[in-house]
Amino acid sequence: MGQWIYYCKGYLHIRLISNMPERFLNLCANHQIPIWNLKHIDNYYEMNITVSGFYQLKPLCRKTCTRIQIQGKYGLPFFFYKNKKRTAFFVGIVLCIAVLYGMSLFIWNIHVDGNLSNSTQSIVTYLEEIDIHHGIRKSTIDCSELAVSIRKEFPDIIWVSVKIQGTRLILHVQENTDTYKEEEAVNDETPSDLVADKEGVIVSMITRQGVPQKNQGEECKKGDILVLGRLDITDDNGEAVRYQYVSADADVYIRTSYQYYHEFPLTYEKREYTGKKKSSVFFQIMDYYLSAKRKSSFKNYHSVSAANRVKLTENFYLPITYGTLTDYEYHMETYVYSNNEAVAKAEERLDQFISRLQEKEVTINENNVEIEINNTSCIAKGTLIVIEKIGKTVPVTNLEQPKIPEPESTEE
Amino acid sequence: MKEKPSKITHNIANSLQIPRDLAYKDAIITMIGSAELYIENYKCILEYEERWIIVQTKTNKVKVEGKHLQIEYYTNDEMKIKGKIAHVFYET
């Protein structure tokens, strides 16, 4: 640090020719003249001294009969003096400082951290939508307003801190890790019936609201009303005096069957890669595309491109892309499934079908699918007996309210 | 020339446990390896050659012997010596 200050202020390298060098040195120390890198070479003493210290040496030299030779002048003042005619150099320095200062007024890096479910790219894209992008002036950004708008746009972000540090815009976000979502309250009070959307035999029926029209063990057809959304309010005689309408709600499970048929040929084609490949580079600036690739000599091939986008800072991408294009040669080979392979493939397809059904909360009760293999193909066919939940709501048909006979008035 | 501390001063310094460099202005010599040596509380340079440096402290002289001795910096009361230091002597 001290050396750097000496360099800024300028210093001299001097040679001392004296009969009493120690006395001279002690006098310098007493006058608090900074001296460093003191060396004894042959009969001379060489040292560095500050410019201000050098001007104080005259009386000391007279007192100790010492001669001083200046060996070199170092530091910024001497550097500027030597180069005073090189105006372009100084203009360059001033311009450099001006450009540095000018650049420091803008945002050059947007950094987002703490985000897990919202990608950095999606947040940066949103910032671009509200006109906050790389290269924007720092003074135009209102951090608190930006934090509020991010919280509004991303409801699962519960806390945002926006700060500008140097030329960086730093966003610390905190997301709601609690994945619990309040179930949408089914407050659909529109009067409706529950109608079968598949046919089968009812195995279980739990009614929460409405009048059940079918019983357990009964067969239902598509379109049959399972639960009626109309309640008949009856009087003591059992006659309807009023209809009340509700939204029918019930869990109805039926036993039904699915027909399964899947056929595939025993012969199939597969790509066999020869191991030959050809690579070339490409370069893209905006819509201009430049590639060193020539027409491929391969008959069958597929191309894989690996592209890299040039970026200045971590999220500041430029519209420049470069990468490689690689062609891999292949030829098609025909193979025939063996019996075991064909059965395994058919079972795999059937398992996929069953697991898709199970995702829809369908329980497989019986599996009667059989796999047959003939000369050319493998066929899996049969029925799957399943138990599944059915029922769809349809608006209730409104009936005219029954006329209530006027009670007979008795005259006294 | 050498002022001996009076008995009272000696007793006060001892009872208050004041370090000797403060109480008697004794020199502190710190060596880092054999290449660097700091002397604090020295009075003046008596001799400086490439092979030796003699420094006056309050109580005695300190002679540093070695090769290519160089004074990296020195102030009124502190000095840093660099070089290949071979011996450090106290001369009364």
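Two strands are taken as paired if DSSP finds at least two bridges between them; strands (E, at least two residues) and helices (H or I, at least four) are DSSP runs numbered from the N terminus. The model is predicted, local features need pLDDT of at least 70 and side-chain atom pairs count only at pLDDT 80 or more, whereas totals for chains, interfaces and linings use all residues. Residues are numbered from 1 along each chain as its sequence is written, and chains are lettered from A and ligands numbered from 1 in the order in which they are written.

**View 1. Open four-stranded sheet of chain A.** The strand order is β17-β16-β19-β18, with antiparallel pairing. β17 (288-291) and β18 (301-313) of chain A are the edge strands, each pairing on one side only. Neighbouring strands are turned by 35° against each other on average, direction ignored (axes are lines fitted to C-alpha atoms; angles run from 0 to 180 degrees between N-to-C directions).

**View 2. Pairing of β16 (residues 267-285) with β19 (residues 316-336) in chain A.** The two strands run antiparallel and are joined by 16 bridges. A:Tyr268 has A:Tyr335 in β19(A) as its bridge partner.

**View 3. Contact between chains A and B.** Contact (C-beta atoms, placed from the backbone, within 7 Å) links 14 residues of chain B with 13 residues of chain A. On the chain B side, β3 (42-48) and β5 (61-74) each give two or more residues. Strand β2 (residues 35-41) of chain A pairs with β5(B) in the antiparallel sense over four bridges, and A:Lys39 stands opposite B:Gln70 in β5(B).

Key:
Contact = placed C-beta atoms within 7 Å.
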